[in-house]
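Work through the exercises below with the sequence and the 3D structure open. Each task is followed by a solution in steps.

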Amino acid sequence: MHLKSLTIDGFKSYGHRQELNGFDPAFNAITGLNGSGKSNILDAICFLMGITTLSKVRVKSLQELVYKNGQTGINKATVTAVFDNRLKSQSPIGYEAQDEIVISRQIVIGGKNRHLINGTTVPGQRVSDLFRSVQLNVNNPHFLIMQGTINKVTGMKPKEILGMVEEACGTSMFEDKKCEAIDTLRKKDNKIREINEVRSH
């Protein structure tokens with residue numbers, strides 16, 4: 001699954017509907033002048049994916065994400081992403097039959113916060129589960145490396161960087177299981193050794 005297009009409407013500095021296309025399946029970079037809205041594109045993606053730490057998108061409440069806090073007559077913010085899902089080995093669990101997945105999120109001033117998958121309203125947790133099934137957890141502390149932490153990361157030791165990457169992609173959870181399995185094997189080996197010693201006498 002990879003991003004095909006992103007539509008932003010009424011979100012932060014994007015007062016009018018903007019559609020972004022031409023995303024590469026493997027790598028993308030956002031460039032532009034200062035104040036042109038580069039960071040807000042990333043904020044829109046995080047909002048769509050269900051980020052809960054609002055300081056990561058530089059606001060204190062969801063309603064602050066609406067263009068100029070709704071003071072210009074625009075009272076809602078909507079972000080919609082279209083994902084290419086033709087590569088079934090990378091498909092979210094339960095969506096293997098669909099070649100395209102459309103995910104939307106909308107916040108209304110003084111109103112509801114809505115999540116939609118393929119046009120159907122769903123709980124926010126459903127969207128989070130979809131992304132987590134392809135190892136994308138926007139609420140993982142290492143999912144995003146913000147500007148202020150880049151210097152810290154570049155000064156890390158290789159083992160520290162590996163640990164950060166493993167936690168970000170969700171593989172660190174298997175390290176505990178690996179240790180448990182090794183411990184179980186060691187106990188089994190000791191038991192076999194004891195049995196063999198008894199049999200040899």
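**Exercise 1: the largest pocket**

The lining of the largest pocket is made up of 28 nonpolar, 10 polar and 4 charged residues. Here Ala, Val, Leu, Ile, Met, Phe, Trp, Tyr, Cys and Pro count as nonpolar, Asp, Glu, Lys and Arg as charged, and the others, Gly among them, as polar. The model is predicted: local features need pLDDT of at least 70, side-chain atom pairs count only at pLDDT 80 or more, and totals for chains, interfaces and linings use all residues. Residues are numbered from 1 along each chain as its sequence is written, and side-chain values use heavy atoms, with hydrogens and water left out.

Task: find which element gives the most to the lining of the largest pocket.

Solution. 
1. On a 1 Å grid over the protein atoms alone, a pocket is an open set of points where a 1.4 Å probe fits, with protein on both sides within 12 Å along at least five of seven lines; lining residues have an atom within 4 Å of a point.
2. The volume comes to about 1400 Å³, taken as the space filled by probe spheres set on the points, with grid points joined across faces, edges and corners.
3. Of the 42 lining residues, Asn 28, Leu 42, Ile 45, Phe 143 and Leu 144 lie nearest the centre.
4. The elements giving two or more residues to this lining are β1, α1, β3 and α4 (158-169). Helices (H or I, at least four residues) and strands (E, at least two) are DSSP runs, numbered from the N terminus.
5. The largest share comes from α1, with 9 residues.

**Exercise 2: helix α1**

Task: check the length of α1, then list its buried residues and what covers them.

Solution. 
1. The expected span of a helix is 1.5 Å times one less than its number of residues.
2. Buried means under 20% relative accessible area, exposed over 50%, and partly exposed in between (1.4 Å probe, protein chains only). The buried residues of α1 are Asn 40, Ile 41, Asp 43, Ala 44, Cys 46, Phe 47, Leu 48 and Met 49.
3. Their cover includes β1 (2-9), β2 (18-21), β3, β4 (100-108) and α2 (124-132).
4. Just past the helix, Gly 50 has a positive phi of about 95 degrees.

**Exercise 3: salt bridges**

Solution. 
1. A salt bridge is a side-chain nitrogen of Lys or Arg within 4 Å of a carboxyl oxygen of Asp or Glu. The structure holds 8 of them.
2. Arg 58 and Asp 43 pair at 2.3 Å, N to O. Arg 58 lies in the loop between α1 (38-49) and β3 (76-84) and Asp 43 in helix α1, so the bridge ties together parts that are 15 residues apart in sequence.
3. Asp 43 is buried, at 3% relative accessibility. Lys 12, Asp 43 and Arg 58 form a network of salt bridges.
4. Arg 186 and Asp 183 pair at 2.2 Å, N to O. They are 3 residues apart in helix α5 (residues 173-200), about one helical turn.
5. Asp 183 also pairs with Lys 187, at 3.4 Å, N to O; these two are 4 residues apart in α5.
6. An α-helix has 3.6 residues a turn, so residues three or four places apart point the same way.
7. Arg 186 is partly exposed at 46%, Asp 183 partly exposed at 24%, and Lys 187 exposed at 53%.

Key: Contact means heavy atoms within 4.5 Å.
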